[in-house]
Amino acid sequence: MSVAPVPPSTTAQTDGALIRAEDLWRTYVMGAEEIHALRGVSFTIAPNEYVAVMGPSGSGKSTLMNLIGCLDTPSRGRYVLRGKVVSEMNDDELAAIRNREIGFVFQTFNLLPRATALHNVELPLVYAGIPKEERLAQARRALEMVDLADRMSHKPNELSGGQRQRVAVARALVMGPAILLADEPTGNLDTVTGEEIMGLFERLHAGGNTIILVTHEKDIADHAHRTIHIRDGKIESDEERRR
Amino acid sequence: MPFSEAARIALAALRANKLRSFLTVLGILIGVSSVVAVVAITEGLDRYMANQVLSLGSRSFSIQRMPDIITSRAMWLEMQKRKDILLSDMDAVKGACDACGEIGARVQTTRTVKFGRTKQPDVEIMGVTENFSRIGSVRDLITGRQLIADDVDTARPVGVIGADIMDAFFGQTEPLGKTILVDSHEVRVIGVAERKGKIFGNSQDNFVWLPITTYRKFYGTRRSVTIQAEARNMDLMETAQDQTRVVMRARRHLGFAKPDDFSIETGETVMDFWQSATRGIYVVTIVVTAMSLIIGGVVVMNIMLVSVTERVREIGVRKALGARRRDILRQFLVESVLLSALGGALGILGAAVFSMALAAILGGIMSADFSAPVRLWAVTLALFVSSVVGLVAGIYPASRAASLDPVVALRNE
């Protein structure tokens, strides 16, 4: 099976790093109170790394995921993705980055219920302004990549959980993003189907993709080659796992 | 995101909520269909009026003691003071109006006519000069002959009857030479005029024409006559009326500051009155429609807000996949406009059915061919206005959707 390789990253001052996070803070103001969800998080991620972000709920894990996914910007600190300083971008620039550089895979799949698998996968290409013919061709290729060539015209409610998550993975990969960002991708799947999805991730990683996995399950995190533990808004540990 | 994509998304959303979408646009539907139907029906009536009124002869005009349209009692009382118009006035006009073609006179009353035991009530008895049937437009006969100058000169007791009288008295039998009783005066039938049908339910064929001299013998000479004249052609219409006015004013010794104490009426006069009346209907319709469209717009806005709330999660997903603010904004604006325009389109359909039905009913009442055409401009305007309503109603919900924070939107259950 062929896997879309990561395009070569744009030259930057990141000395080869795909992601460089420097002292990220995220503060929420609740009435008179300030809540620090992240308190100075720094790390770098190189191309084709397979990283798990772990931590209990309330640890700031989700906040970090939102920052990495460019859904949110830090209150303080610098976040550089492929040489672009995301922490200083406006809404539209963030949308463009999400479109081109981030491939989201959610716990609840988040497919559009009324759209077919093909149309769901086509969606990021629509927002990228790619012409229809090309869009359909690319979406088909992405679905073939996750072995769903025969389910293209099915709607989400006509697919099994594992198939839905594979559609979501195809949608995440269709733009050839810098990172695949998966938030509890097996959380809504049974163990067997979960392993199947993790196998797919394995293959994608072997094909050159960079994967960041957010989870609180040790078994799932063990698939990654590096694990970052978050607790109370700070990095508790960051360890490579030699294989 | 191109417009076609936004339209596709919008259509899918509307299709998923068919009943709700239909109920939402009901206000716009009713507004649009009432305005289009009223425009169609008034236009149909206008055309019908123009046909009927102008068939009296667009070159013809009449000089009358009283105007056709009296709008108040005070006006009517004022009119009562006017001097009679005499046959000698007709002769004076004949002598002075070189822009005029035929000039004649008529007097009329409504009486019962009898033939044997058969009675025909409410017959228009007209005393006319021999050229009457040729003024403005020619009224042909089905059978017999027209009145001639000799009939008028010698006050012969002869008459031309309308088709209604023919039907009532003679049916298939020979009418010519028969004697009918007009108010106990014997009149010999010499001709039957061709049928003209009805205007607003009033028959145009229930009459007896007598020589004006015969009429005066029956009913006396102390009655104002109406002078019936025609311009030689349409271009001379104004000139002919002016020349006539000058003669009449001179004969009635009116100082030049005084207004006319007689009335010159044309088919135009009636049409003008009719059109000013329909203009009133138009204005009322527009106000009512505007109100129903505003209410319709509020309903659309409300449903669009509901639609946004229901789809917060979807908006979050779209934003995560790279939708910008303007993409979301456009998606919901297009949905709102499409929804309203759909209401407008259904309204046009409703109007077409409604005006066809009403045209059939009105046509039945007036026993005439009557059509209420749905005009292209009305259709275009209806679609345009309902789209604008949708656009305005969609701005607030769409901008709310567009400004959602993707993190919050994705968390929404």
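This is a predicted model: local features need pLDDT of at least 70, side-chain atom pairs count only at pLDDT 80 or more; totals for chains, interfaces and linings use all residues.
How many positive and negative side chains does chain B have, and how far apart do the centres of the two sets lie? Chain B has 48 positive and 40 negative side chains, with 7 Å between the two centres.

Residues are numbered from 1 along each chain as its sequence is written, chains are lettered from A and ligands numbered from 1 in the order in which they are written, and side-chain values use heavy atoms, without hydrogens or water.

**Chain B overall**

Chain B has 14 helices and twelve strands. These are DSSP runs, numbered from the N terminus: helices are H or I with at least four residues, strands are E with at least two. The radius of gyration of chain B is 33 Å, well over the 22 Å from the globule rule for 413 residues, so the chain is more spread out than a compact globule. That radius is taken over C-alpha atoms, and the rule is 2.2 Å times the number of residues to the power 0.38. Along the principal axes, the C-alpha atoms of chain B fill a box of roughly 105 × 55 × 35 Å.

Buried residues make up 47% of the 413 in chain B. Buried means under 20% relative accessible area, exposed over 50%, and partly exposed in between (1.4 Å probe, protein chains only). Chain B exposes about 19,900 Å², and carbon and sulfur atoms supply 61% of that area. Areas come from the Shrake-Rupley method with a 1.4 Å probe; for residues, only the protein chains shown count as cover.

Leu26(B) belongs to helix H3 (residues 26-54) of chain B. Leu26(B) is partly exposed, at 31% relative accessibility.

**The disulfide**

Over all chains, the structure holds one disulfide, defined as a pair of cysteine sulfur atoms within 2.5 Å. Cys97(B) and Cys100(B) form a disulfide, with 1.9 Å between their sulfur atoms. The torsion about their S-S bond is about 80 degrees, so the disulfide is right-handed. Both Cys97(B) and Cys100(B) are buried.

**Positive phi and burial**

| Residue | Phi | Relative accessible area |
|---|---|---|
| Arg82(A) | about 50 degrees | 8% |
| Asp122(B) | about 55 degrees | 58% |

Arg82(A) is buried. Its place is the loop between strand S4 (76-81) and strand S5 (84-85) of chain A. Asp122(B) is exposed and sits in strand S3 (residues 118-128) of chain B.

Cys70(A) also has a positive phi, near 60 degrees, and follows helix H1 of chain A. Cys70(A) is buried, with a relative accessible area of 0%. Helix H1 (residues 61-68) of chain A is mostly covered, with seven of its eight residues buried. Among them are Leu64(A), Met65(A), Leu67(A) and Ile68(A). Lys61(A) is buried too.

Conventions
Lys and Arg count as positive and Asp and Glu as negative; His and the chain ends are not counted. The place of a charge is taken as NZ of Lys, CZ of Arg, CG of Asp or CD of Glu.
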